[in-house]
Amino acid sequence: MNELNPTDPIGQNIIKQISNVCFSIFVFSVLIFTVIAITYQPPDPWESSRALTKVFTDVENATFKTDNSVLTTGEDIATAPAAMPEGSLPSITESSIQISESELGSNVSLKTGCEDLSVVNCSDPRVLIAIQRFNLRAFKGIVFLDYQTPVNGSRQDECDVAWRFRNMKEKSWRKYRDFRRFKLGYRDDCSYKVIRPGRWHSGLNARRPRIQVNNRGRGKVVSPSVRDNEINDTIPVLGSDSSFRKGRYLYYSRGGDYCKGMNQYMWSFLCGLGEAEYLNRTFVMDLSICLASTYTKSNKDEEGKDFRFYFDFEHLKEASSIVEEGEFLKDWKRWDKSHKTKISVRKVVSHKVTPMQLRKDKSTVIWRQFDAPEPENYWYRVCEGPTAKYIERPWQAVWKSKRLMNIVSAISGSMDWDFDAVHVVRGEKAQNKPLWPRLDADTSPDALVAKLQGVIAPWRNLYVATNEPFYNYFDKLRSHYKVHLLDDYQHLWGNTSEWFNETTLLNGGRPVDFDGYMRVEVDTEVLYRSKTRVETFYNLTTDCKDGINTC
């Protein structure tokens, strides 16, 4: 075959045609690239912020969907338990018990000959060691922090002892208190052993007595209530005029978030608190909450609720720089009356003025006012758009109320922290057949018995967290399990309870209703502390949590 000669006219034509084709392809490629460059729209750089927003609260038309679930707070989203507070005692373990035992040495002799087996010397340090060892074996879900010296119980072979602890499933380092009555006996070597532990808060003699002073000034020892003396939710005071004048404050007037759901309230509140941290200012906080109708017995919005009923104000004070609105306005008014020079105030009337624009403002008070119509008057609008890159909501600053968590501990402790739980969602969802066609049947009493028998062992403690209003709805489960419902523990918030007394005091002497949000919060936290947890969606029913075709 002859080789192609470049000087040959036919060869030149072929080369020219190939060149034309290549050039055409090049021109066509450039044209396509140009069209793409003109029409291409890059992804929104703030899309990740909106995605994060959707994780916590589903936003639609600049407002929030109703959500009856409990609010996610700092303890829930923490990846690890909070650091041990400075000065805290180390937890009690078998190693620490062995050290205490060895330190006793020959200083304390065992009961010689066990001549009287019916009497136990509760002040003997070895009694406490026996109780500590028993508790470590019996209650594996809690961390024991310290014990008081045992005291005599109601019989000669009983001792009452109190201790403080924390739950392993809780990410905070808040301490709780229990006191129990133990029946003790002797081993063959005359060492002490626990024969039977008492129930939650059964060791009445181990409660700290309090002194009640009468009109004559004489002290009278009275039986104490179970009061948590570690709660300090007093309102901080600014102090002198100079202290007030030196401060820098961020003040949000009341906006459209008031009387919305708890999730929207907290999403907006943390936006303001986050802006205050970004601006290095003290946040002026209104402790008054309007509880949305979805949580109230009257089915109407109820004003005048206190932030401290629902959240840990003491932890918030420690984690963030805040001042209560009433104290702040009182100090502001006092300053204006006693000084010719007024404090500087910058009023911000639109959420479109960003925190970045306020960063260098030297005014004593930056006052954001939310007088526009909804949804322009929602606090969380301040943190939308490009601002989301700069403002980080301080979720770690908000914990659930210690008083409500004391109720959670009491319920869990009454089951010796050894229980399983099932979450049964019914209510409006069970009635809405178009969105949840199988939910009602899948959570019927017979269906619950059939499904739980394959998951939970017979006669276990079974806590039922539910929004089902009829108490007897779960009676069929009682033939197979030791069933516990939230309403079984009404004495924990009844009119003789410590929760009732303390919240009444916070509320200016007016009794506080144990409302729907508190019920959901306690129910959910007990559920989280169970050993085996069965959920409605994905366990009991094939329906999707948010309705049909949303799984």
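These are my notebook entries on a predicted model of one protein chain.

**Ground rules.** I number residues from 1 along each chain as its sequence is written, and I leave out hydrogens and water, with heavy atoms used for side-chain values. Because the model is predicted, I ask for pLDDT of at least 70 for local features and 80 or more for side-chain atom pairs, while totals for chains, interfaces and linings use all residues.

**Overview.** I looked up the elements and found 17 helices and 20 strands; these are DSSP runs, numbered from the N terminus, with helices being H or I of at least four residues and strands E of at least two. Of the 551 residues, 45% are buried, where buried means under 20% relative accessible area, exposed over 50% and partly exposed in between (1.4 Å probe, protein chains only). I then turned to contacts, meaning heavy atoms within 4.5 Å. Among those with a separation of 6 or more, 66% join residues 24 or more positions apart.

**The five-stranded sheet.** My next stop was an open, parallel sheet in the order β14-β11-β10-β16-β15. Its edges are β14 (322–324) and β15 (345–348); each has a single partner strand, so one side of each has no neighbour in the sheet. The average twist is 25° from one strand to the next. Strands count as paired if DSSP finds at least two bridges between them, and β10 (residues 249–252) has four to β16. There I found Tyr251 opposite Trp367 of β16.

I checked the helices on this sheet too. Helix α7 lies across β10, β11, β14 and β16, at about 160° to β10. Helix α10 (residues 325–338) touches β10, β11, β14, β15 and β16, and makes about 80° with β14. For these angles, axes are lines fitted to C-alpha atoms, for helices over the stretch in contact, and angles run from 0 to 180 degrees between N-to-C directions.

I searched the whole structure for aromatic pairs and got 38. Rings of Phe, Tyr and Trp (its six-membered ring) pair if their centres lie within 6.5 Å; planes under 30 degrees apart are stacked, over 60 edge-to-face and the rest tilted. I picked Phe269 and Phe283, which are edge-to-face at 5.9 Å centre to centre with 75° between the planes. Phe269 belongs to α7 (residues 262–279) and Phe283 to β11 (residues 282–285), 14 residues apart. Both Phe269 and Phe283 are buried. In the loop between α7 and β11 I noted Asn280, with a positive phi of about 60° although not a glycine.

I also noted Arg359, whose charged end sits over the ring of Tyr278, 4.3 Å from its centre. My test for this is NZ of Lys or CZ of Arg within 6 Å of the ring centre and within 35 degrees of the ring normal.

Four bridges join β18 (residues 461–466) to β19, and Asn461 has Lys482 as its bridge partner.
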